[in-house]
Amino acid sequence: MKTLHFALAGNPNVGKSTLFNYLTGLRQHTGNWPGKTVEVAQGLFTFRDQKIILTDLPGTYSLCAHSPEEEAAKQFLQTGYIDGVIVVCDGSLLSRHLILVLQLLALKLPILLCVNLIDEAEKRGIQIDYAKLSRCLGIPVLPCTARGGKGVETLCEAMLTLPSMEHADVDYSAYGGDIPAQAQKIAESVISHTDNKKIKRYIALERRLDRLFTGPLTAYPTMALLVLFVFWLTISGASYLSAGLEIVFSRFNGWVDGILAGWVLRGFPVWLHTLLVDGILLTVTQVVAVMLPPMAVFFPLFTLLEDMGYLPRVAFSLDRLFRGCGACGKQALTMLMGLGCNAAGVTGCRIIDAPRERKMAILTNVLMPCNGRLPMVLFLTGMLTGIIFSPGKKSAVGLRAVLIFLVLLMCTGMTLFLCRFLHKTMLRGEVSAFTLELPSYRLPQVGQVVLRSVLDRTLLILGRAVAVAAPAGVVLWLLHQISWQDKSLFVWLMMLLDPVGQFFGMDGVILAGFLLSLPASELFLPLVLSGYSMLSPVVSADTEALLIANGWNGVTVLCVLCFTLFHWPCATTIWTIYKETGSLKWTLVGVLMPTLTGLCFCALLHWGSVLLF
Amino acid sequence: MEQKIWKLQIGSWGKIKNVEDNGRGIGTRLHELGFVEGDMVMPALRSPFGDPIAYQIRGALIALRREDADLITVETIEPEDMGI
């Protein structure tokens with residue numbers, strides 16, 4: 001039997017992906033459009049022995065191309081060979097979502113309309129006459145609740161019969177006006193409101209939540225509290241997971257080491273043994289052990305906030321600030337995502353329609369400290385409070401929390417400043433239009449959220465990171481192994497970089513650490529510590545004491561902190577910036593801009609302190 | 001009385017008279033979002049700085065900046081005419 005191919009289309013936020021996931025389960029993969037940065041998910045499922053391929057198109061408001069996503073969706077529908085389109089719309093927002101349906105009908109494609117979220121619509125007292133709607137549009141109309149799987153089987157049955165159905169020709173111009181006006185008329189004729197009180201109560205509840213999340217006095221405190229709470233959960237949750245993973249990995253590495261050692265006895269080359277174990281395996285497991293746990297906690301939390309409808313409110317509340325710098329309020333969301341991982345943040349910039357504003361968000365995303373740099377920021381702020389306020393003893397948690405908050409504020413300020421800079425220089429131009437839908441609050445589906453965010457975001461990024469970490473492990477190994485005049489290349493690199501480092505308030509070891517942690521920022525501290533162990537005779541189990549013995553003072557800590565926050569993106573992020581912008585020039589800007597920012601800060605701090613004291 | 005949409009008070013309804021296009025394609029975008037002549041609209045939510053404002057239209061909340069909302073003219077409606 002021939003495999004049927006259907007496309008899934010619809011406005012953003014209509015539960016399209018929920019339906020897609022329900023139908024295809026885990027048999028799906030995300031791929032890029034050829035030559036484009038727009039991702040589409042494809043999945044395969046079998047219904048009554050019929051294999052069906054489903055393509056989940058990006059959520060679009062219309063077929064008039066405003067963004068690359070809409071352009072791609074349109075092209076796919078017009079040129080791709082498909083047996084039919086399933087248009088998903090939200091039962092509560094029928095008149096608005098019928099616009100896309102009517103536009104698609106104009107393309108003369110076989111269409112199936114799936115009215116989703118009917119339980120939500122019923123809660124709002126909205127009743128829809130589906131038979132009449134089907135007659136009005138001349139296409140099959142099927143109500144369903146995708147999250148519970150209600151009505152999905154009937155939908156599948158309709159999919160099987162759709163290709164052989166005759167196309168009913170309905171003249172929509174009878175409804176008068178253009179497409180939006182027709183959509184309104186059709187919707188009015190099929191909807192009846194049952195209970196006005198119900199709607200009012202429901203809307204009143206949503207408005208009360210809105211007043212809390214976007215009110216002039218409450219918006220920013222709730223936002224700050226939520227961000228700090230997510231942070232705290234991420235950091236404390238991740239430290240347990242990390243410790244566990246490290247134990248598992250050290251056992252695993254020991255096991256591999258043992259096997260390879262056995263092979264060496266039977267003629268396996270020794271250098272290959274050390275390259276595989278000390279080079280590749282050690283670096284890869286190190287990166288995974290520190291990178292995976294925070295992401296595994298952060299991304300589900302982020303998706304949860306997204307699912308509940310809170311995140312668009314953040315963009316709404318902060319838009320004025322971004323508008324003032326020529327940027328878009330939705331950038332706030334990509335920055336939040338950047339706190340999890342900058343590569344994910346850069347990819348997330350696709351939610352910004354306007355190309356100019358999208359580029360701004362991509363280029364400045366790295367200014368938010370990702371999970372890879374966060375432990376470093378925590379460590380440095382701890383050391384700073386130790387040095388300045390209470391020498392010799394661990395300082396109060398509250399003080400560190402305030403410092404971390406200040407660091408985040410500084411990163412946000414720097415992002416806004418550089419957006420304004422780009423707006424005045426390289427990305428000059430008129431501020432693009434801004435439209436943002438604030439969706440209804442919904443109870444999140446926790447299980448789905450955790451599963452999807454682990455699968456979609458965490459594993460994807462982890463895969464990329466491992467791909468980068470493995471060759472980096474080889475390079476690090478070579479730097480340690482190859483020596484010239486009794487010194488390894490690593491030592492030479494540190495010595496050569498020393499004068500440059502000194503100029504910026506750091507030293508050669510620190511700069512070498514930053515350079516070599518290009519594959520993953522997590523590598524920085526281990527690299528610095530191993531560097532000092534090679535250069536100086538000081539031995540100490542306490543990291544802080546070791547660093548202080550190697551000449552670190554308050555200014556050094558500040559400089560390293562600044563450079564941790566503002567320097568080149570990690571290799572994965574650089575690659576992602578290149579893929580998203582499709583241009584070497586913008587990738588270069590994305591690397592140089594934060595680096596120069598960091599260097600300026602460090603030079604100012606260092607020479608300022610030299611002149612002052 | 002005709003006036004710009006952003007001058008409407010929060011919570012009071014208006015009927016859209018006209019949606020201009022300033023040549024940046026925003027006119028079509030507004031159309032697709034449901035800002036169509038004859039539709040009922042209500043500013044529902046002000047952001048902390050007062051701009052943007054979220055408008056209730058066709059059952060959804062759509063936030064617009066003042067400069068974009070400036071393209072929309074509405075006719076104010078007395079509450080007793082609404083019936084809701």
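In this predicted model, A:Met506 touches A:Gly501, A:Leu511, A:Phe514, A:Cys559, A:Val560, A:Phe563 and A:Cys602, leaving aside residues up to four places away in sequence. A:Met506 also belongs to the largest nonpolar core, where A:Met506, A:Trp552 and A:Val560 touch the most other members. In soluble globular proteins, nonpolar side chains tend to be buried together.

**Nonpolar cores**

- The largest nonpolar core holds 114 residues.
- Helix H10 of chain A, residues 270-308, supplies the largest share of this core, namely twelve residues.

**Strands E1 and E4 of chain A**

- Strand E4 of chain A covers residues 50-56, and five of its seven residues are buried, so the strand is largely enclosed by the rest of the structure.
- Strand E1 of chain A, residues 4-10, pairs with E4(A) in the parallel sense over five bridges.
- Within E4(A), A:Thr55 is the residue that stands opposite A:Ala7.

**Confidence of the prediction**

- The predictor assigns the complex an ipTM of 0.91 and a pTM of 0.85.
- Chain B has a mean pLDDT of 84, with 89% of its residues at 70 or more.
- Among the elements of chain B, strand E4 (residues 53-57) has the highest mean pLDDT, 92, whereas helix H1 (residues 26-32) has the lowest, 80.
- Where pLDDT is low, the predicted coordinates should not be read in detail.

Definitions and conventions: Residues numbered from 1 in each chain as written. Chains lettered and ligands numbered in written order. Heavy atoms only, no water. Core = buried A, V, L, I, M, F, W, Y, C linked by side-chain atoms within 4.5 Å. Buried < 20%, exposed > 50% of the residue type's maximum accessible area, 1.4 Å probe, protein only. Helix = DSSP H or I, 4+ residues; strand = E, 2+ residues; numbered from the N terminus. Contact = heavy atoms within 4.5 Å. Pairing = 2+ DSSP bridges. pLDDT = per-residue confidence, 0-100.
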